[in-house]
Every structure is written in structure tokens, then in C-alpha cells.
Amino acid sequence: MKKIIEQYPDTMKALVLHGVGDLRMDEVPVPELKDGCVLLQIRACGICSSDKERVFVTGTYHFPTIPGHEFAGQIVAIADDVEENLLGRRASVFPMLPCKECDACQQEEYAQCRNYNYFGSRCDGGFAEYLVVPVWNLVLFDETIPYAMAALCEPSAVSVHAVKIADIKKGDKVAIVGTGTIGFLVGAFAKGLTDTVVICGRSENKLEYARALGFETVNLTSEGYMDEVDAIAPGGFDVVFEAVGSNPTITCAVDLAGNFGRIVLLGNPKGDLAMEKNVYWSILRKQKKLLGSWNSSYNDRCNDWAVVTEWMKSSSFDFNRLITHRFSMEQYHDAFDLLRQEKNKEFMLKIMIEIGQDIE
């Protein structure tokens with residue numbers, strides 16, 4: 001018999017994708033609790049740039065689907081085989097549901113699972129009032145971390161993972177190409193390891209925001225930006241993160257790296273990519289390393305999510321400042337319109353959907 005902290009309804013509000021471009025707020029059944037799972041009352045869910053593609057371009061893997069994979073909430077019910085001390089706890093969620101059987105899963109490298117499920121794209125996700133979540137996927141946090149901040153755990157874990165792959169040493173000079181949420185988070189974690197961390201981008205208002213957060217910046221639209229780079233990192237940067245996923249930004253990342261530089265690719269491309277011969281030669285002749293970074297580690301040996309929750313409690317970096325816009329679920333049209341804006345672009349980083357009353 002399931003255990004609950006208070007009675008919950010039979011139906012809930014959810015943002016349901018019925019087809020490409022057809023996102024609606026529907027009243028749907030609250031999902032049934034299963035063995036080994038909890039019922040999470042979702043209080044905040046961030047909109048990822050990948051949600052823009054899923055909702056308006058590519059669709060999800062089936063319809064209807066509830067999108068959303070960056071979420072946090074409170075455990076309000078547990079199955080009878082789940083430890084009772086989880087009841088009432090706050091949690092964010094590792095959104096991947098690995099098969100636990102393939103070669104990668106046998107090594108606990110779940111991000112490389114060949115037969116995974118995924119909240120918000122392959123199965124229903126976090127743009128809803130409730131979601132059933134396996135205990136294994138829960139990332140517990142305490143009441144000192146607000147729900148909206150905890151919903152940043154997923155992009156933060158992705159960023160921590162990339163920083164670990166870069167193997168930054170004290171004294172390394174680091175550049176990040178990209179001024180989105182991931183770029184800023186990579187910068188925040190990198191600053192914990194070395195002194196020189198530079199955000200590079202084309203949007204002056206985002207670069208101004210980066211400076212307010214304590215980063216050095218380089219505007220890539222400036223004619224003399226390579227002179228600025230030479231002044232900061234003569235000979236090039238030791239580590240460069242590419243956090244966009246386009247031909248121009250990848251070329252820029254290679255150009256910014258010096259001899260034996262490490263280039264970490266974590267931008268998610270929207271189409272095919274090509275590499276000019278001179279860029280390829282630069283990699284060869286200067287012996288630069290291209291390193292891929294995908295998702296995050298979530299196992300007993302290496303848990304990027306545990307690192308993130310500890311940082312959120314103890315770091316001086318203000319994660320909340322990355323949330324520039326907050327909407328209720330009923331305002332979802334406004335939230336996604338802001339994400340899709342083409343002209344007169346309003347400054348934004350993370351857009352957060354907050355669910356329920358008195359969000360803290």
C-alpha cells in the first residue's frame with residue numbers, strides 16, 4: 001500500500017505536446033505509482049534549448065508527450081517497497097532511464113546507454129504537476145536550495161561533466177565560446193579550478209551580464225578580438241569549451257586554443273557540420289585535442305549531480321541569477337514565445353516554469 005503525506009488529486013494540469021508545434025495545457029490523469037518509485041509533486045521545470053527543437057521542429061519520440069527534463073519537486077507519495085524516510089523530501093531528477101543491460105550500463109556509464117528512455121522526450125517529463133520517478137533517479141537536496149535553483153541541477157551536471165573532461169589545472173587559461181546557460185555554468189565551475197576564465201560571445205548584453213557575474217569577456221564581433229585574446233592568453237588558451245554547436249563557433253574554439261590545447265565540444269548542433277582545411281591543419285600541427293562531452297556521470301564512482309548539489313549549498317556563485325524569467329504553467333504561451341523570439345530580442349538565459357503556489 002502506498003504512503004502519502006497528503007491527499008493528491010486524480011487529475012493534474014500538464015503541458016502536452018500533441019504534434020509538432022501543438023503544445024497545450026491539458027487536464028490529464030495523475031500517473032499511477034509503481035514499485036520502486038515515488039510520486040514527485042513538481043514545483044519547477046526549466047525550459048532547455050532542446051525543448052524548443054522538440055516542441056517546434058523535430059517533435060518528441062511519440063505523441064502525445066509531456067516535455068521537460070530539468071525539474072525538481074517534493075516527494076508526496078511512495079510505493080510500499082520504498083523507504084519511508086523519502087516521504088516529504090525534496091528532489092531533482094537524473095532524467096535518463098538506462099536499460100541497465102548494455103555494455104555501457106554494465107560499466108555504469110549510463111549516458112552512453114544504447115537502449116535508454118528519457119523523461120521529457122521518450123516518455124512524459126516535468127511540465128506537469130506530478131510525475132512518477134524511480135528511486136534510483138532521485139537527487140535529494142535540502143530546504144536551503146529553492147526548487148527553481150534545484151531545477152538547474154541538470155544543466156549544471158552537464159557543465160560539471162564537461163569541466164571534468166577538460167582536466168583543468170591551476171594556472172590554465174580557459175575560454176568558453178557561448179553565452180547561454182551552459183556556457184555560464186561551465187565558466188562558474190571552471191573558476192573553481194583556475195583564475196583566468198573568459199566568456200566569448202557575440203551578444204554584448206549577455207557579455208555585460210557575464211562581467212556582472214565576475215567573468216572576463218571577449219566580444220567575437222569586435223575587429224580586434226584576437227588582440228584581446230593575445231593579451232589575456234599569449235599563444236592561445238590551454239582549454240576551450242565550445243557550448244553552441246555551429247560551424248563558426250567550433251572554428252572559433254579551435255582558433256582560440258594554443259599549442260597542445262584541449263577543446264571540449266558540448267554544443268548540440270542543429271544540422272550537419274563541416275571543417276575547413278586550415279582548421280583541421282591547426283588541430284594537426286599544434287597537436288590540439290578534441291574532446292566530446294555528453295550528458296553527465298551518475299554512478300558510485302563519479303556522480304556529477306552530487307557535486308552540483310554540494311556546490312549549490314556552499315559556492316558563492318549565485319545560480320539564481322541564471323534564471324532571468326519565471327512563468328506559471330498557465331503562462332506557457334508567453335514562456336515559449338520568449339524562447340522563440342526572432343526580432344527585438346529580449347535578454348534571457350534560463351526560462352523557468354514554476355508550478356503551484358508559494359514556490360521556495
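Start by selecting residues 173-177, strand S11. Strands here are DSSP runs of E with at least two residues, helices are runs of H or I with at least four, and both are numbered from the N terminus. In this predicted model, local features need pLDDT of at least 70 and side-chain atom pairs count only at pLDDT 80 or more, while totals for chains, interfaces and linings use all residues. Residue numbers run from 1 along each chain as its sequence is written, and side-chain values use heavy atoms, without hydrogens or water.

Why call S11 largely enclosed by the rest of the structure? Because 4 of its 5 residues are buried (under 20% relative accessible area; exposed is over 50%, partly exposed in between, with a 1.4 Å probe and protein chains only).

Click Val-174, and you'll find its bridge partner in S12, Val-197. To get from S11 to S12, the chain passes through helix H5, residues 181-191, in a right-handed β-α-β crossover. Right-handed means that, with the strands pointing away from you, the path from the first strand over the helix to the second runs clockwise.

Now select residues 237-242, strand S14, which also runs parallel to S11, paired over 4 bridges. Here Ile-176 has Phe-241 as its bridge partner.

Finally, zoom out. The whole protein has 11 helices and 18 strands, and its C-alpha atoms fill a box of roughly 65 × 45 × 35 Å along the principal axes. Of its 360 residues, 52% are buried.

How values were computed:
Pairing = 2+ DSSP bridges.
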